[in-house]
Amino acid sequence: MNTIQMERRKFLKFSVAASGGLLIGLYLPGASKFAVAEERAANVFMPNAFLRIGTDERVTVIVNHSEMGQGVYTALPMLLAEELDADWNKVGYESAPVDLKYNHPVFGMQITGGSSSVWSAFEQYRNAGAAARAMLIAAAAQQWNADPATLRTESGIVLDGANRKLSYGQLAEAAAKMTPPQKVTLKDPKAFKLIGTPVKRLDTPEKINGKAVFGIDVKNPGMLTAVVARAPVFGAKVKSFDDSRARNMPGVRKVVAVPSGVAVVADFFWQAKMARDAIRIDWDEGAMHAFSTTEMMQQFREQAKSPGKSVRHDGDPDGALAQAAQKIEAVYEVPYLSHLMMEPLNCAVDLRADSCEIWTGTQFQTVDRAAAAKAAGLPNEKVQIHTTFLGGGFGRRATPQSDFVVEAVHVAKAAGVPVKVVWTREDDMQGGWYRPAFLHAIVGGVDASGSPVSWRSRLVGQPIMAGTPFEGMMKERNMTPHPSRVLMIFLMRFRIWRLSLTRPRSGCLFNGGDRWATHTQGSPRNVSSTNSQLLRTRIRTSSGAIC
């Protein structure tokens, strides 16, 4: 996938909203078309743009990244409001729908991950704000028959030297008719008033007063709640089940078989959960029934004894190690770990003959919509995802198979009614996508004075890129370790090893393996890194990235 280069004068397109006001769309590299603001009815919001300025003075920023506590519902509006010179007290946000125009400029899909939201949007949102400001000034200059160069902006107002002023709301409709600027000049960082300052988060009031809607809060008219009995072993299939007791329990509407197990649909969560526990299921546990993490770690230890693909090698680490006064060895094991989001997984689905609406907290809108469409037997454009607040994500809500979204579609399809599938905490810990297990073998040598003379590091683990859309991207863009790049390895107790590779032009950090484990060795004089082939297992894993 090639990143599209655009001149700034082609960066923006504008249109007037039917209800009055100024809407601005941005061109997103990696998307296939302009993010042009579409007409909307006076009382209906259909967001396809990144900025809306209403005649009511409200400045609404459409955010194309998921809010899971990391602050994008404040950070991205800050970028735009900075260049717009908006009154921060009148700035709001809305979550973007799933659309190509909201694709991540580097990843080429709508996703929140890799700690990339702010840097990837930094110039996009600032350019949008700067262009809007220029058009508002042009509109005021036209009304006053003044030179735009003599006007200035401050806190949502255009002013001149004669104490005349017009608010952005007063200028919005006229500004939308102005010719977009061919060039915009961004502020010198020294002039920033918002960026870099500790402003109040825009989403805090909703979270305090209870108005914030997380996925688990969704309750639409006629919607029932479902809980699924999932396989006790990865890859297991239902041979048969006895639901005679469950079907007669209070509130139970249906018990249906789905690809992931058996779903109980009831009026309320606890009714569905208790009935789920009453079902007797005979499972075909398949090949994974004998899987042992003890044996797997032993295989990891054996693999760590052999060098793999080198990613960095400086000096003669083996020779330096042989001459070292003391050799120090250590092996660290990190097990499979649950992501443990504060909000358990959930997904609400209203599936109809010609459409599918989904409400969930997701990090992976593009992939989730495509997977849901396939499960529903519908074209992508007939599936709509409403991204709610996420009670934590950490990569669990961005899995390559969209497991919790696809499952909810299957439940809705089998039940024939709108449903919200809710996972218990135990469900996700016992059968979710885990952070991968890793083994890190380190050998170091010091001289007689205790100074390091050699260092070797080998990582063995399960890849999270393999089988995902990112695998091809990594190869196509040559995002593999290179001796000239810095190899960063983080180890935190109760967290997974994460290998981060720095992408030179953008600074993007990618987490996890790419069909390899890492072998690093050396010292300030003797450094080397290699990759060794991973042990392939069928335990489901996902990354630990957040924003």
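This text walks through a predicted model, from the whole protein down to single residues.

Start with the overall picture. The protein has 12 helices and 26 strands. Of its 547 residues, 55% are buried. Contacts can be sorted by how far apart the partners are in sequence. Among contacts with a separation of 6 or more, 73% join residues 24 or more positions apart.

Now look at a pair of helices. Helix α2 covers residues 117-144, and helix α3 covers residues 168-176. Two packed helices are described by the angle between their axes and the distance between the axes. Here the axes come within 8 Å and cross at roughly 90°. The two helices are therefore roughly perpendicular to each other. By class, their contact has 10 nonpolar, 1 polar and 1 charged residues. From α2 come Arg133, Met135, Leu136, Ala139, Ala140 and Gln143. They meet Tyr168, Leu171, Ala172, Ala174, Ala175 and Ala176 of α3.

An α-helix has 3.6 residues a turn, so residues three or four places apart point the same way. Helix α6 spans residues 269-277, and its buried residues are Ala272, Lys273, Ala275 and Arg276. Seen down the axis of α6, these fall within an arc of 170°, so they line one face of the helix. They pack against three strands, β9, β11 (252-258) and β12 (261-266). They also pack against the helices α5 (244-247) and α11 (425-431).

Helix α7 runs over residues 293-303, where Met296, Met297 and Phe300 are buried. Down the axis of α7, the buried residues fall within an arc of 95°, so they too line one face of their helix. What covers them includes the strands β15 (326-334), β20 (438-446) and β21 (452-461). On the face of α7 turned away from the buried side sit Thr294 and Glu295, both exposed. The N-terminal end of α7 has a cap, Ser292. A side-chain oxygen of Ser292 lies 3.3 Å from the backbone nitrogen of Thr294.

Move on to Asn346. This residue belongs to strand β16, residues 346-351. With a relative accessible area of 1%, Asn346 is buried. Which partners does the side chain of Asn346 reach through polar contacts? One is the side chain of Glu343, at 2.9 Å. Another is the backbone oxygen of Pro344, also at 2.9 Å. Beyond its neighbours within four places in sequence, Asn346 is in contact with Gly215, Ile216, Thr360, Phe404, Val421, Val422 and Trp423.

Follow the contact to Gly215. This glycine lies in the loop between α4 (204-209) and β9 (224-230). Gly215 counts as buried, at 1% relative accessibility. Leaving out residues up to four places away in sequence, Gly215 touches Glu343, Asn346, Thr388, Phe389 and Lys420. Gly215 and Thr387 are 172 residues apart in sequence. Yet their C-alpha atoms are 8.0 Å apart in space.

Another loop residue is Gln363, placed between β17 (356-360) and α9 (365-376). Is Gln363 buried or exposed? Gln363 is buried, with a relative accessible area of 1%. Its side chain reaches the backbone nitrogen of Gly395 at 3.1 Å.

Last, consider the backbone. Most residues other than glycine have a negative phi, and most peptide bonds are trans. Phe394 has a positive phi, near 60°. Phe394 sits in the loop between β18 (383-387) and α10 (403-415). At a relative accessible area of 28%, Phe394 is partly exposed. Asn163 has a positive phi as well, near 70°. Asn163 is found in the loop between β7 (157-159) and β8 (165-167). With a relative accessible area of 73%, Asn163 is exposed.

Key. Residues are numbered from 1 along each chain as its sequence is written. This is a predicted model: local features need pLDDT of at least 70, side-chain atom pairs count only at pLDDT 80 or more; totals for chains, interfaces and linings use all residues. Side-chain values use heavy atoms; hydrogens and water are left out. Helices (H or I, at least four residues) and strands (E, at least two) are DSSP runs, numbered from the N terminus. Buried means under 20% relative accessible area, exposed over 50%, partly exposed in between (1.4 Å probe, protein chains only). A polar contact is a pair of N or O atoms within 3.5 Å; within protein, one must be able to donate a hydrogen and the other to accept it, and residues adjacent in sequence count only if both atoms are side-chain atoms. Contact means heavy atoms within 4.5 Å. The arc is that of the directions from the helix axis to the C-beta atoms. Axes are lines fitted to C-alpha atoms, for helices over the stretch in contact, and angles run from 0 to 180 degrees between N-to-C directions. Angles under 35 degrees count as roughly parallel, over 145 as roughly antiparallel, 65 to 115 as roughly perpendicular and the rest as oblique. Ala, Val, Leu, Ile, Met, Phe, Trp, Tyr, Cys and Pro count as nonpolar, Asp, Glu, Lys and Arg as charged, and the others, Gly among them, as polar.
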